[in-house]
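Please look over the sequence and the model below, which is a predicted one.

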Amino acid sequence: MNLRQSLEEREEYLLSPHAARSAASRGRLKPEPECSLRPAFQHDRDRILYSKSFRRLKHKTQVFLAPTGDHYRTRLTHTLEVAQIARTLARALRLNEDLTEAIALGHDLGHTPFGHAGESVLAELLPEGFHHWEQSLRVVDVLEKDGQGLNLTHEVRMGILSHSKGRGPFLPEERPAEDLTLEAHLVRAADVIAYIAHDTDDAARGGVISPEDLPAQVKEVLGSRLSRQIDTMVRDLIAQTTEAGGRVLRMSARVKEAMWGLRDFLYERVYDNPEVHADFIKASKVVRELFNRLAEDDVFYLRKVGSLPPSGERVRRVADYIAGMTDRYALQLYEEVFLPRPWAAL
Ligand code: MG
């Protein structure tokens, strides 16, 4: 028996009956021999961590555009906080930590530069629309490793795809669908827990809100400090889910309502704040103009993206290229293409 098999055996008796098992995975996109050291989901987690798209998350916007302050979250630190919360939850509920962590680390790989400003421009310019969770799956399936993809397991891929945000419900009250694991649901909950807490923290850091402004119900139930907020939400989810038997994720009505209250507050005061929003309008212009130039100028496309594809595929390739950009790369490229350069020769 190799080390992977003995780790798989360990999962068998350590994990809850509702957890996903590495050995029972529905397999990879293309069959390949499994690692002798690491179970499948652990291997997937490592593949995501070593990918170039993962490293680029460090220069992608979370809420504040290309922040120069060192303490603001970026897409990378957001992802790490989600993974941290998700792993705490998975361990407490005896779910598969490797699967949870792989989904968490991969869940935002498809985000465009400039956050939702970039995403809405691509959604408008592509005939089939654009959603970052579909792009995340495209990154791991086809774009990474120069077009080979990471060849991940079905469970990690579906976990990444099932991830969506916005103002919809974040805690499905039903059992996961056939091809979705409880671990995928857990990451969705961890994402909301992470972002409502850290966006509040960053908004206060940026002087957009003051912690005293939080609605009374939020302050009373979740508190105004990040550590207390996360602790309250995590403990509530663990206690309620365990009490209900662990088959479905649960939270108490009191904590859920406070979370909705905090999310609504963030939309109103931070995400739709005119001051924050003003730069998003400028960022949209950057994305739109780069897109149009890459779609129309053959020489520029050849220089930046590669050989010219059949005309029907070009806008898709342009969208992939733009979606992969960091904020700072997009700004540099915009400057290079659209702004005059001072003459430097003496
Ligand atoms: Mg996220």
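His 78 has a relative accessibility of 0%, and because buried means under 20%, this residue counts as buried. Asp 108, at 1% relative accessibility, counts as buried too. Both residues belong to the protein donors of the magnesium ion, which are His 78 (NE2), His 107 (NE2), Asp 108 (OD) and Asp 191 (OD), lying 2.2 to 2.5 Å from the ion. Along the chain these donors follow the spacing H-x28-H-D-x82-D. His 78 lies in helix H4 (residues 75-93), whereas Asp 108 lies in the loop between helix H5 (97-106) and H6, so the pair ties together parts that are 30 residues apart in sequence.

Helix H13 (residues 274-296) can be followed next: its 23 residues, at 1.5 Å a residue, should span 33 Å, which agrees with the 33 Å between its end C-alpha atoms. At the start of H13, a side-chain oxygen of Asn 273 comes to within 2.7 Å of the backbone nitrogen of Glu 275. Buried residues of H13 include Val 276, Phe 280, Ala 283, Val 287, Leu 290 and Leu 294, and among the elements that cover the buried residues of this helix are helix H6 (115-125), helix H12 (253-271) and helix H16 (327-338).

The largest nonpolar core holds 94 residues, of which Ile 48, Leu 222, Met 233, Leu 237, Met 259 and Ile 322 touch the most other members. Helix H9 (residues 182-205) gives this core its largest share, 13 residues. Domain 1 (40-276) and domain 2 (282-336) both contribute residues, so the core lies between them. Beyond its neighbours within four places in sequence, Leu 237 is in contact with residues including Leu 89, Leu 171, Leu 186, Ile 193 and Met 251.

Methods: Residues are numbered from 1 along each chain as its sequence is written. This is a predicted model: local features need pLDDT of at least 70, side-chain atom pairs count only at pLDDT 80 or more; totals for chains, interfaces and linings use all residues. Side-chain values use heavy atoms; hydrogens and water are left out. A nonpolar core is a set of buried Ala, Val, Leu, Ile, Met, Phe, Trp, Tyr and Cys residues joined through side-chain atoms within 4.5 Å. Buried means under 20% relative accessible area, exposed over 50%, partly exposed in between (1.4 Å probe, protein chains only). Helices (H or I, at least four residues) and strands (E, at least two) are DSSP runs, numbered from the N terminus. Domain bounds come from an automatic or database domain assignment. Contact means heavy atoms within 4.5 Å. The expected span of a helix is 1.5 Å times one less than its number of residues. A polar contact is a pair of N or O atoms within 3.5 Å; within protein, one must be able to donate a hydrogen and the other to accept it, and residues adjacent in sequence count only if both atoms are side-chain atoms. Donors are N, O and S atoms within 2.8 Å of the metal (3.2 Å for Na, K and Ca); water is not among the atoms, so sites may look incomplete.
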